Amino acid sequence: MKQPLVSVIIPSYNRQNSIAKCIESVLLQSYKNLEIIVIDNCSVDNTPKILAEFSKKDSRIKIIENEQNLSLVKTLNKAIKSSNGDYVARLDDDDVWLNAQKIEKQVNVLEADQEYVLVGTGVIAIDEQGKEISRTLLPQEHHQIVDAMLFRCLFVHSAVVFRRSTFETLGGYNEALEVGGEDYDLWLRMGRIGKMYNVPEYMVSYQESGKKLSRTNFKNVLLRNMLLIKQYGKEYPHFTKAMTLSILYYIYFSLPFNQVLLPLFSKIKKGIFGNVAKTKESKTRT
């Protein structure tokens with residue numbers, strides 16, 4: 001029986017130091033019926049040269065070059081539109097897949113039950129030097145994911161595989177969200193029409209920027225998430241709790257010297273909300 005085709009989508013921009021390792025982690029997959037689409041967003045370093053060398057080595061690798069630098073959302077929609085897979089897998093150009101059976105296990109879930117539309121995995125966060133920061137197992141079963149979906153995004157972009165048909169039915173990534181949140185928005189839309197699952201294994205290593213978000217940027221992320229909570233609140237449980245928690249976070253990050261208040265804030269949050277969006281997380285940075 002022929003395996004369904006999986007399209008691996010890798011957007012890239014100036015990643016000469018990481019793109020080779022990223023692509024190699026895909027080539028090591030036990031699942032072989034892949035097409036690997038790398039879309040270069042007008043890189044000015046050696047990324048195009050590295051990509052050209054890879055495309056000569058493996059016919060499954062297809063390189064697309066944007067004529068002008070586009071937003072991530074438009075780049076992703078363009079790449080997926082040019083793909084042919086029954087399923088789409090995402091991978092960022094500074095991340096890697098750690099487990100050779102990642103795609104195989106995710107496709108098995110999707111093939112076993114047509115109601116499933118989105119499958120993620122556990123993840124390991126590293127810093128820019130490659131040092132492990134933390135590892136996280138996200139809620140696994142559909143009912144657990146739905147119950148916590150408004151509190152935080154429960155799928156890491158580089159870990160997901162989803163049905164192409166579902167993506168097309170929903171109209172792809174929302175290009176109005178050009179400042180981030182396009183993935184969270186898509187998962188929320190997918191969860192309305194199908195089932196979601198996270199494989200309880202650490203299968204992806206993703207880079208967490210060494211530069212912490214500024215207070216202003218973090219508040220902008222919170223405002224963006226509040227808009228998504230409001231938009232999808234009628235279709236997921238705990239709207240009031242999720243919105244209240246986001247507002248409290250926003251107030252907290254607006255306060256001067258908020259780090260001093262962190263222990264008090266944590267106690268208040270746990271007392272009111274309990275362990276919302278519970279994950280199995282272990283921090284390994286010292």
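**Salt bridges, a hairpin and a greasy patch**

K195 has a relative accessibility of 21%, so K195 counts as partly exposed; that label covers everything between buried (under 20% relative accessible area) and exposed (over 50%), worked out with a 1.4 Å probe and protein chains only. The structure is a predicted model, in which local features need a pLDDT of at least 70 and side-chain atom pairs count only at pLDDT 80 or more, while totals for chains, interfaces and linings use all residues. Residues are numbered from 1 along each chain as its sequence is written, and side-chain values use heavy atoms, with hydrogens and water left out.

Back to K195, then. Its side chain meets that of D113 in a salt bridge, at 3.7 Å from N to O. A salt bridge here is a side-chain nitrogen of Lys or Arg within 4 Å of a carboxyl oxygen of Asp or Glu. D113 sits in the loop between α4 and β6 while K195 belongs to strand β9, so this pair ties together parts that are 82 residues apart in sequence. (Helices and strands are DSSP runs numbered from the N terminus: H or I for at least four residues makes a helix, E for at least two makes a strand.) D113, too, is partly exposed, with a relative accessible area of 25%.

K105 forms a salt bridge with E201, and their closest N and O atoms are 2.8 Å apart. This pair also links distant parts of the chain, as K105 is in helix α4 (residues 102–112) and E201 is in strand β9, 96 residues apart. Both ends count as partly exposed: K105 has 26% relative accessibility, and E201 has 28%.

The whole structure holds 11 salt bridges. One of them joins the side chains of R60 and D58, at 3.0 Å from N to O, and here both partners are buried. Elsewhere, R15, D93 and D94 are linked up in a network of salt bridges.

Strand β6 (residues 116–126) and strand β7 (residues 132–137) run antiparallel and are joined by 4 bridges; for two strands to count as paired, DSSP has to find at least two bridges between them. A125 stands opposite S134 of β7. The hairpin has 5 residues between its strands, and G130 takes a positive phi near 85°.

E208 makes contact with this region. It lies in the loop between β9 (195–207) and α8 (215–232), and at 34% relative accessibility it counts as partly exposed. Leaving out residues up to four places away in sequence, E208 touches A125, I126, D127, E128 and I133, where a contact means heavy atoms within 4.5 Å. E208 and I126 are 82 residues apart in sequence, yet their C-alpha atoms are 5.8 Å apart in space.

N14 has a positive one, near 50°. N14 is in the loop between β1 and α1 and is partly exposed, with a relative accessible area of 27%. C42 is not a glycine either, but has a positive phi of about 65°. It is in the loop between β2 and α2, and it is partly exposed with a relative accessible area of 23%.

Helix α1 (residues 19–27) has I19, C22, I23, S25 and V26 as its buried residues. Looking down the axis of α1, these fall within an arc of 155°, so they line one face of the helix; the arc is that of the directions from the helix axis to the C-beta atoms. The cover over them includes β1 (6–12), β2 (34–40), α2 (47–57), β3 (61–65) and β5 (96–97).

Finally, the surface carries a nonpolar patch of about 760 Å², made by I247, I251, L255, F257, V260, L261, L264 and I268. The elements giving two or more residues to this patch are α9 (239–254) and α10 (262–273). Patches are built from residues with over 30% relative accessible area and no salt bridge, joining like charges within 9 Å and nonpolar side chains (Val, Leu, Ile, Met, Phe, Trp, Tyr) within 5 Å. Accessible areas come from the Shrake-Rupley method with a 1.4 Å probe, and for residues only the protein chains shown count as cover. I268 is found in helix α10 and, at 42% relative accessibility, counts as partly exposed.
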